[in-house]
Amino acid sequence: MSATFLGMPGNFPKNAEKAVQNSQLRFNLRKATHTIRGKRASVVGELPDWQELRAAGKAIKDHTLRNLDRYLVQMEEAVTRAGGTVHWARDAAEANRIVADLVKATGETEVVKVKSMATQEINLNDALAAEGITAYETDLAELIVQLGDDFPSHILVPAIHRNRSEIREIFLEKMPKVPDNLTDDPPALAEAARLHLRERFLKSKVAISGANFMVAETGTLVVLESEGNGRMCLTLPRTLISVVGIEKLLPSWRDLEVFLQLLPRSSTGERMNPYTSMWTGAVEGQDFHLVLLDNGRTDVLADEVGRQALRCIRCSACLNVCPVYERAGGHAYGSVYPGPIGAILTPQLRGMGSDLDASLPYASSLCGACYEVCPVAIDIPEVLVDLRAKAPHAAAERAGMKVAGWIFNDHTRLAKAQRVATRLRKLVPKRLPGPLSAWTDTRDIPDIPEESFRDWWERNERA
Amino acid sequence: MRVALFITCVNDTLFPGTGKAVVSLLRRLGCDVDFPAAQTCCGQMHVNTGYRTEGVRLARHFTEVFAGYDAVVAPSGSCAAMVREQYPKLARPGSKGAAAIAEVVPKVYELSEFLIDVLKVEDVGAYFPHRVTYHPTCHSLRGLRLGDRPTRLLQHVRGLELVPLPEAEECCGFGGTFAVKNPAVSAAMGADKTRSILDTGAEVLCAADNSCLMHIGGTLSRQKTGVRTMHLAEILASTEEAQ
């Protein structure tokens with residue numbers, strides 16, 4: 001029942017064009033992103049040492065990534081010592097196989113999940129379904145997305161593109177035992193979801209989670225959440241399987257302190273998140289498995305400029321300030337990671353072999369707002385520009401850019417080109433042909449002047 | 001002070017009036033202005049679109065043309081930001097190119113920086129009796145961190161009524177080749193920006209970047225709003241005699 005991003009057709013400009021025409025979507029997105037943007041700005045503004053915290057977060061992540069091999073082994077040893085089992089997964093297929101085998105070994109056919117982007121990234125729900133195992137999302141927004149047979153469109157608020165009346169309709173149609181008189185009042189919707197989920201928690205013997213952080217020195221995993229459903233998932237079932245990207249590591253508890261400040265303020269605009277759950281190895285009566293997921297991350301780590309994307313703590317601050325995300329919506333990015341961070345992370349993790357992935361580095365006006373709010377100072381515009389240099393370019397564009405480069409390489413050529421433009425100035429049509437028609441569809445082109453600046457200077461100053 | 005004007009390729013070709021305004025403004029303030037004729041383009045379009053080789057070549061050309069001046073003034077936040085932010089990343093550390101970049105880059109100023117930080121003037125003796133709103137373009141705002149320098153200059157212009165622009169810090173949607181590569185999103189951003197501008201009731205939209213103004217102005221013109229766009233330099237160069 002879960003949808004998948006894999007093999008999504010189209011490319012960013014085409015997807016975005018459709019989204020822009022959806023006025024309901026634009027209204028929902030604008031309202032939600034502006035609200036959360038304002039909240040973030042106000043709680044970040046409260047901390048006089050925010051820039052120092054940000055620098056500390058960046059430094060800790062960089063240090064960890066530089067020594068990732070060492071800390072991962074330390075993590076494995078600590079988890080094993082605490083009675084857990086560590087599995088290493090090179091890619092999505094390997095991770096899915098490990099998880100499916102672990103679930104099958106329990107004899108169960110249903111599992112509950114606490115929101116995990118890593119499992120979305122590897123499309124775990126579909127892989128489990130293929131083995132006859134049904135995965136139930138328990139995060140409220142993920143549940144809405146799953147019931148609606150839809151894709152998540154935001155890192156923090158996966159159902160940001162839905163309004164409450166749409167959610168009511170999804171519940172009425174897809175949620176068993178939902179009251180017929182369900183209104184679209186948020187508390188009523190939350191209560192319906194709560195009753196639905198409570199039953200799942202009490203019945204389920206196996207849970208699958210992600211983690212926001214892993215602490216190498218103790219082998220502890222950390223989940224930050226708002227609803228408490230994650231905590232139910234983590235504690236009630238007999239078997240807990242956590243699938244976590246290898247970049248989520250932190251060396252020590254002291255380092256965690258920095259991120260427990262950076263994440264909630266950047267993410268939900270709260271001083272502290274309502275629920276912080278931590279677990280170390282297996283508690284009594286529970287089996288614990290940690291699946292450490294690579295899936296392209298070591299390739300990203302090998303890239304000098306792009307590796308900073310692995311500092312990401314998935315707060316979604318960059319999405320909420322991004323003018324492009326606000327208009328295009330999360331689905332246009334064709335990945336579980338939308339917005340500015342998705343535009344740099346997805347093409348690095350997946351490569352730029354598809355039209356969609358090759359178009360993602362261009363899904364930005366390079367306005368720089370994302371860099372400014374990033375709590376770990378990922379210079380997203382820098383990575384975008386670097387990826388653009390590696391992206392495949394269309395032949396016509398390449399030819400045009402070569403000609404432009406040739407003209408700019410010598411001022412006499414530039415002057416000649418300007419004089420040609422001046423001579424033809426009366427002939428330039430109001431609607432331009434080819435790719436330039438994109439300009440004249442919604443904007444007038446400026447008049448070409450009678451004389452370029454350099455010719456004016458030549459005439460006045462050198463004479 | 002021997003000041004080189006880096007006009008930028010967009011201004012040179014499409015907005016020569018901005019260059020003329022910078023020349024008259026800087027001369028009025030006592031500068032010896034030169035226009036090195038060999039200059040072309042900073043390479044931003046190439047670098048930001050993914051054509052690094054061409055961009056590097058243009059950066060090398062830029063450093064050759066502008067070596068030896070006390071200051072290089074560019075009437076464009078975006079091109080000044082390109083030189084200051086991106087050039088140092090284009091050359092191999094320790095190379096000759098890196099040394100040339102390190103030599104030239106600190107002397108490159110955006111116009112309002114040069115006026116306030118180097119010439120130490122805020123009142124440039126301008127007169128412009130109109131209602132004006134100011135859009136801080138992204139590279140001026142977040143790249144160069146111009147802060148309130150441009151609006152401080154505008155506040156000293158006699159006759160000028162400066163009205164604040166709602167959601168001023170939002171990108172207008174130009175983004176260089178972004179406007180052509182993602183036309184739908186760019187147009188949507190442009191439409192929201194023009195709505196904010198119309199809300200101010202201003203007659204003139206001012207900015208420090210003609211490329212953004214070309215996109216916003218083209219949108220305003222297509223919508224037949226009657227609002228004009230003007231580069232900061234043109235307002236600052238304007239005097240009572242010229243009116």
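**View 1. The interface of chain B and chain A.** About 5400 Å² is buried between chain B and chain A, with carbon and sulfur atoms giving 58% of that area; buried area here is the accessible area (1.4 Å probe) that two parts lose on being put together, summed over both. On the chain B side, B:Phe35, B:Tyr51 and B:Arg222 lose the most area to chain A, together 12% of what that side buries. Please keep in mind that this is a predicted model, where local features need pLDDT of at least 70, side-chain atom pairs count only at pLDDT 80 or more, and totals for chains, interfaces and linings use all residues. Residues are numbered from 1 along each chain as its sequence is written, chains are lettered from A in the order in which they are written, and side-chain values use heavy atoms, leaving out hydrogens and water.

**View 2. A salt bridge across the interface.** Here A:Glu397 meets B:Lys181, with the closest N and O atoms 2.7 Å apart. The rule (a side-chain nitrogen of Lys or Arg within 4 Å of a carboxyl oxygen of Asp or Glu) finds 12 salt bridges between chain B and chain A.

**View 3. An aromatic pair in chain A.** Ring centres of A:Phe213 and A:Phe259 lie 5.5 Å apart with planes at 45 degrees, so the pair is tilted. Rings of Phe, Tyr and Trp (its six-membered ring) pair if their centres lie within 6.5 Å, and planes under 30 degrees apart count as stacked, over 60 as edge-to-face and the rest as tilted. A:Phe213 is buried at 0% relative accessibility, and A:Phe259 is buried with a relative accessible area of 0%; buried means under 20% (1.4 Å probe, protein chains only).

Terms used: Buried < 20%, exposed > 50% of the residue type's maximum accessible area, 1.4 Å probe, protein only.
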